[in-house]
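Dear colleague,

Please find below the structure I am handing over to you, followed by an account of what was found in it. I would be grateful if you read the two side by side.

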Amino acid sequence: MSTSVRGNTDVLSGKGLASRIQQQARDEASILRSEGLRPTLAVVVATDDEATHWYVRSIERAAGRAGIECRVVDLGPNAGEAALANILEDLSAEPAVHGIILQTPLPAAVRADRLVGLIAPEKDVDGANPLSLGRLAVGQPAFAPATARAVVELLDHFEVPVAGRKVAVVGRSAVVGKPLSLLLLDKDATVTICHSKSGPLERHTRYADVVVVAAGRTGLLKGSDISEETVVIDVGTNVLPDGSLVGDVDEASVTGVAAGLSPVPGGVGSVTTALLLLHTAEAARQHSPAALLTASTSGI
C-alpha cells in the first residue's frame, strides 16, 4: 500500500481504508433496502460531554452517507441505571433496530459492566457485552470491538505481516487490549500484553515487530522504546487543554525511528467509525428475508 513518509517513517493513514469500508457498508445497506430492510443503529447517550456528542454527531453523519439510519437516544447526564437498563432492553427486543452502542462516559453511579450485558449479542456491534468477548476467545461468531478490529484491518491494509511476528499490545482494557490480543492470536502473532505492572516498557516494545499503544496516556511510547524495524499503531485519543487531539505516542521522538506510525487523528479512529456501520449492516443482514428463510429451513 502507498503511504506518505516523515523522515524514515511511513505514515499509516486510515482515511483510505475507512473510505473503502464505508463503501462496503453503503453497498450492503443498499442491497438490504432493496429487500425492504433499512439497517438501523441505535446510540444510547447519557452525558453532557461535548467531545462525546461531537463523536456521536460524526457517527450520525457517516451513517447518513452510508444509507444507515442512526437513532440517537439521549437520556441526559443525570440518567439513572434503571432508565438506561430499560432502554437497552427495549432496543434489544425491537426488531427494527439492528445495532446498539452504549456510548461512554456514563453517569458516575451507573454500573457500566451490568448495562453492557443487556445488549443483545446479535446487536452488539461494538463488542461491549462480555458474551461477545467470550465468543471471540473460543472462535465463535461475534462482533469484535470496532477499535480492536480497526487495528487489525489497518495492519492488513498496509500489508504489515503479523504471522510469526512479535506484537506488543500496551494496555489491557476489555475495549481494545484484550480483544485485540485475541484477534492477533487468530492471525498467528506472538502477543505480549503490557500494563502498569510489566516493568520498563522498552523491555517489551524494543524487540517487537509491531507495537500497538492503547493505554490512554499522552506521550507514553517514545522513540527510545522501539527499534527502527518497529511498526507502531497509536490507538490513544487524549484531548489537550487547547482542545487538540493526540495519541499515546510521543510522535516527535518516534517519527524517524519507527518503520511506520499511524497518526492521531486520521489513523485508527476513522476506521473504527466505518466498522461500526459495517457491523450494523452485517447485523441487519441476519434479519433479512433471505437470512430468515435460510434459518427456518436449515433444520429440514
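Lys187 and Asp156 form a salt bridge, with 3.4 Å between their closest N and O atoms; a salt bridge here is a side-chain nitrogen of Lys or Arg within 4 Å of a carboxyl oxygen of Asp or Glu. The pair connects distant parts of the chain, 31 residues apart: Lys187 lies in the loop between α7 and β7, and Asp156 in helix α6. Helices (H or I, at least four residues) and strands (E, at least two) are DSSP runs, numbered from the N terminus. Lys187 is partly exposed at a relative accessible area of 30%, and Asp156 is partly exposed at 36%. By definition, buried means under 20% relative accessible area, exposed over 50%, and partly exposed in between (1.4 Å probe, protein chains only).

This is a predicted model, in which local features need pLDDT of at least 70 and side-chain atom pairs count only at pLDDT 80 or more, while totals for chains, interfaces and linings use all residues. Residues are numbered from 1 along each chain as its sequence is written, and side-chain values use heavy atoms, leaving out hydrogens and water.

The structure holds nine salt bridges. One of them joins Arg38 to Glu69, with the closest N and O atoms 3.7 Å apart. Arg38 sits in the loop between α1 (15-34) and β3, and Glu69 in strand β4 (residues 69-74). In another, the side chains of Arg111 and Glu81 meet at 2.7 Å, N to O. Glu81 counts as buried because its relative accessible area is 14%, whereas Arg111, at 48%, is partly exposed.

Helix α7 (residues 177-186) has Gly177, Pro179, Leu180, Ser181, Leu183 and Leu184 as its buried residues. These pack against α5 (130-137), α6 (146-157), β6 (166-170), β7 (190-194) and β8 (210-213). Just after α7, Asp188 adopts a positive phi of about 70°.

Thr40 belongs to strand β3 (residues 40-45) and is buried, at 3% relative accessibility. Its side chain reaches the backbone oxygen of Arg38 at 3.1 Å. Leaving aside residues up to four places away in sequence, the contacts of Thr40 (heavy atoms within 4.5 Å) include Glu69, Arg71, His98 and Thr280.

Finally, an unreviewed UniProt entry annotates residues 145-287 as "domain: Tetrahydrofolate dehydrogenase/cyclohydrolase NAD(P)-binding"; such annotations may be inferred rather than shown by experiment. Over residues 145-287 the chain is 34% helix and 17% strand.

Yours sincerely

Key: Polar contact = N/O pair within 3.5 Å; in protein donor to acceptor, adjacent residues only side chain to side chain.
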